[in-house]
Amino acid sequence: MERNNAHTILVTKTVQQVRDQVRAWKKEGLSVGLVPTMGFLHQGHGSLIKKAVEDNDRVIVSDFVNPTQFGPGEDLEAYPRDFEADRAFCQDLGAAMIFNPEPKDMYQDPKAYVNIEGLSDGLCGASRPVHFRGVCTVVSKLFNITGADRAYFGQKDAQQLAIVKKMVEDLNFPIEIVACPIVREADGLAMSSRNTYLSKEERQAALCLSKAIFKGQESIREGMAAKDLLDLMGEVIGQEPLAKIDYIDLVDARMLEPLDRVQGKVLVAMAVYIGKTRLIDNFIWEEK
Ligand code: AMP
């Protein structure tokens, strides 16, 4: 695939700018990949962008802290932002465009939202009731704005990925969803823009999430029953005084329905507070 990082990456702010550029690309018969992000990019985002650059002629990274997916009292204002660093990062990886709208460019007194039933009730949806309506709405808008052929999502946000796949299936969006594995720091912590909230002590304490994930993977491989598995993972987290569990659950990987035993393709997912910072991690296990 031709890389175009010899060119300066195009920065777009408005829906119209994106549409005009994509129309020109499509006229040339070029394929378009989309990587939706909230910015403050790290190597986790980088892995999605690299894969998109491999698969497509042109790649659009959207860089937008989407207000509709934050509930009252959540970290919308505090969410870290560094557009100049993001722009340089995307350019280095060969993306063709970075779309960085203002909230007013995306939402003008909206009355239409995209909702998904069932899959958004549990896991993160239980403590973040408006979150997935905001995600589905902004992702639908980005699909419609960019007309991308493929969109790239991280397994890190496993519930989001399952929801987006089901939404695309149910609403017949003409787009392929590509899932990318979780990228971790050398010591195991899943990369996240929110890791920047952690103090030095909390950063160390946050390792209990990946420790529990690795322990869970090992135990499921050895045939441990679902309840014992969740108890064991809970114990690993429980040993860390700065950690408070929001949830640890085992669900069906596609429809996210709770399971009381390990069967088929399962998702083991957790959210844990380290101090005030809520972190998530997960793994997928498929019976062979
Ligand atoms: P965010 O900016 O946190 O909304 O994430 C944008 C996209 O990057 C989502 O599809 C995430 O799942 C993905 N992502 C974030 N962190 C990671 C990671 N550590 N590994 C893989 N993908 C990630």
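**Salt bridges, ligand shell and cysteines**

Analyst: The count of salt bridges comes to 18. The model is a predicted one.

User: How far apart in the chain are Asp-149 and Lys-26, which form a salt bridge?

Analyst: The closest N and O atoms of Asp-149 and Lys-26 are 3.6 Å apart, within the 4 Å cut-off for a salt bridge. Asp-149 sits in the loop between helix H6 (131-146) and S5, while Lys-26 belongs to helix H1 (residues 15-27). The pair therefore links distant parts of the chain, and the separation is 123 residues.

User: Are Asp-149 and Lys-26 buried, partly exposed or exposed?

Analyst: Asp-149 has a relative accessible area of 29%, and Lys-26 has one of 35%. Buried would need a value under 20% and exposed one over 50%. Asp-149 and Lys-26 are therefore each classed as partly exposed.

User: What separates Asp-55 and Lys-51 along helix H2?

Analyst: The side chains of Asp-55 and Lys-51 meet in a salt bridge, at 3.0 Å from N to O. Relative accessibility is 22% for Asp-55 and 31% for Lys-51. The two lie 4 residues apart in helix H2, so the separation is about one helical turn.

User: Which strands hold Arg-150 and Glu-176?

Analyst: Arg-150 forms a salt bridge with Glu-176, with the closest N and O atoms 3.3 Å apart. The pair ties together parts that are 26 residues apart in sequence, because Arg-150 and Glu-176 lie in separate elements: strand S5 and strand S6 (residues 176-180).

User: Which N or O atoms of the protein lie 2.9 Å or 2.6 Å from the ligand, and how much of the ligand does the protein cover?

Analyst: An oxygen atom of the ligand is 2.9 Å from a polar backbone atom of Met-38, and an oxygen atom of the ligand is 2.6 Å from a side-chain N or O atom of Asp-157. A nitrogen atom of the ligand is 2.9 Å from a backbone N or O atom of Met-191. On its own the ligand has 480 Å² of accessible area, of which the protein covers 93%.

User: Which element gives the most residues to the shell around the ligand?

Analyst: The ligand is surrounded by 17 residues, and the closest are His-45, Gly-154, Asp-157, Val-183 and Met-191. By class, the shell divides into 9 nonpolar, 6 polar and 2 charged residues. With 3 residues, the element that gives the most is H2.

User: How many disulfides does a search of the whole structure find?

Analyst: A disulfide needs two cysteine sulfur atoms within 2.5 Å. A search of the whole structure finds a total of 0.

User: Where is the nearest cysteine sulfur to Cys-90, and is Cys-90 buried or exposed?

Analyst: For Cys-90, the nearest cysteine sulfur is that of Cys-180, 14 Å away, and Cys-90 is in no disulfide. The relative accessibility of Cys-90 is 0%, so Cys-90 counts as buried.

User: Which cysteine has the nearest sulfur to Cys-208?

Analyst: Cys-208 is buried, with a relative accessible area of 5%. Cys-208 is in no disulfide, and the nearest cysteine sulfur is 16 Å away, that of Cys-124.

Notes
Residues numbered from 1 in each chain as written. Predicted model: local features only at pLDDT ≥ 70, side-chain atom pairs only at ≥ 80, totals over all residues. Heavy atoms only, no water. Near = heavy atom within 4 Å. Polar contact = N/O pair within 3.5 Å; in protein donor to acceptor, adjacent residues only side chain to side chain. Areas by Shrake-Rupley, 256 points an atom, 1.4 Å probe, with all protein chains shown as cover. Nonpolar A, V, L, I, M, F, W, Y, C, P; charged D, E, K, R; others polar. Buried < 20%, exposed > 50% of the residue type's maximum accessible area, 1.4 Å probe, protein only.
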